[in-house]
Amino acid sequence: MIWKRDFGLLARQMVAWLIMGLIYVVLFSVIAWWLAGTGMFGSSYLYLIIGMAAVMALIQYFLSDKLVLMSTRAKVVSEDEEPKLYAMVKKLADEADLPMPRVAIMPSAVPNAFATGRSPKHAVVAVTQAIRGILTDEELEAVLAHELAHVKNRDMLTMTIGSFLVSIAAMIINNAFIMALLSSNRDSENGGGIIVFIVAMVVVVIVYIVGTLVTMAISRYREFAADRGSAYITRDPDALIRALKKISGRMDTVPPDKKREVSANNAFFIIPAISGESVMELISTHPTLEKRIANLEKVKQEMQGY
């Protein structure tokens, strides 16, 4: 197998972690500053926020595969239950030098596939029932190879780290009313408590927006990286191009209610269930189909020695 380490993805991950680290310092410095002025609870409320965020992060990290399977209603299948699908994944995993992941099938009319798990040893590769009915074996292998490329690139770990601070910021925003009540108790004749609260909330909102944008930017690039990985594993970028076109085309015929049922897991899918003009590219989890095809055409030329 031709496999080139994606230093572009690695560099983006490092930059994202650096940005997240700086945001972390700013966020908790502002929270500590605000709490110091409330005169209530001391630092206990800050510890509570940190503790709850840490618990959420640990659950997300260690149970991410189970949570995703639960939310998608995907069922892990054995080799005896799905010998052909299992054999496909086994062949591709061997080619990619990866441990054999668990294989799952998601009961959905939306043609799609996804991978989850915090590491290659805890990975799950899943396909929907619908996708198996529209792709050839070669095209399905290309899709499965795309998901295994996510596993090899350790995408889920990156996304877990990237979403950590976003989760903290979202938690604080959701508890803004409680924080406003605490601020109103600050002993200040000029309304200093409210001013501090407003400043703190502005910073938190900025953290949420920046964190989300950084996470989405990584998500888009990792789709390019996984597309390239699929081409390297299968040596057939055309198969993935055909698969992406078929999935995208069939997605337009799926009833909107069926797509909404699975849209919460868009970031995991090879093609988002809901996209288009209603979703700005800036906050999209995936690059456009046209850009992905152009990326694969470049990989094809590279593999042909042009």
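Colleague: Which residues does H150 touch, not counting residues up to four places away in sequence?

Modeller: H150 touches D155, R222, E223 and A226, with those sequence neighbours left out. Contact means heavy atoms within 4.5 Å. This is a predicted model, where local features need pLDDT of at least 70 and side-chain atom pairs count only at pLDDT 80 or more, while totals for chains, interfaces and linings use all residues. Residues are numbered from 1 along each chain as its sequence is written, and side-chain values use heavy atoms, without hydrogens and water.

Colleague: Why is H150 called buried?

Modeller: Its relative accessibility is 6%. Buried means under 20% relative accessible area, exposed over 50%, and partly exposed in between (1.4 Å probe, protein chains only). So H150 counts as buried.

Colleague: Is H146 buried or exposed?

Modeller: H146 has a relative accessible area of 0%, so H146 is buried. H146 touches E223, A226, D227, S230, I270 and R292, not counting residues up to four places away in sequence.

Colleague: What joins the side chains of H150 and H146?

Modeller: A polar contact of 3.1 Å. The term covers a pair of N or O atoms within 3.5 Å; within protein, one must be able to donate a hydrogen and the other to accept it, and residues adjacent in sequence count only if both atoms are side-chain atoms. H146 is found in helix α6 (residues 137-152), and H150 lies in helix α6 too. A helix here is a DSSP run of H or I, at least four residues, numbered from the N terminus.

Colleague: Which residues does UniProt list for "binding site"?

Modeller: The unreviewed entry lists H146, H150 and E223. Such annotations may be inferred rather than shown by experiment. These residues are spread over 78 residues of sequence, yet they cluster in space, with a largest C-alpha distance of 8.5 Å.

Colleague: What makes S71 partly exposed?

Modeller: Its relative accessible area is 44%, so S71 is partly exposed. S71 sits in helix α3 (residues 64-72). The side chain of S71 reaches the backbone oxygen of V68 at 2.9 Å. The C-alpha atoms of S71 and N265 are separated by 8.2 Å, although 194 residues apart along the chain.

Colleague: Which residues in α4 are buried?

Modeller: L85, M88, V89, L92 and A93 are buried in α4. Seen down the axis of α4, they fall within an arc of 125°, so they line one face of the helix. The arc is that of the directions from the helix axis to the C-beta atoms.

Notes: Helices (H or I, at least four residues) and strands (E, at least two) are DSSP runs, numbered from the N terminus.
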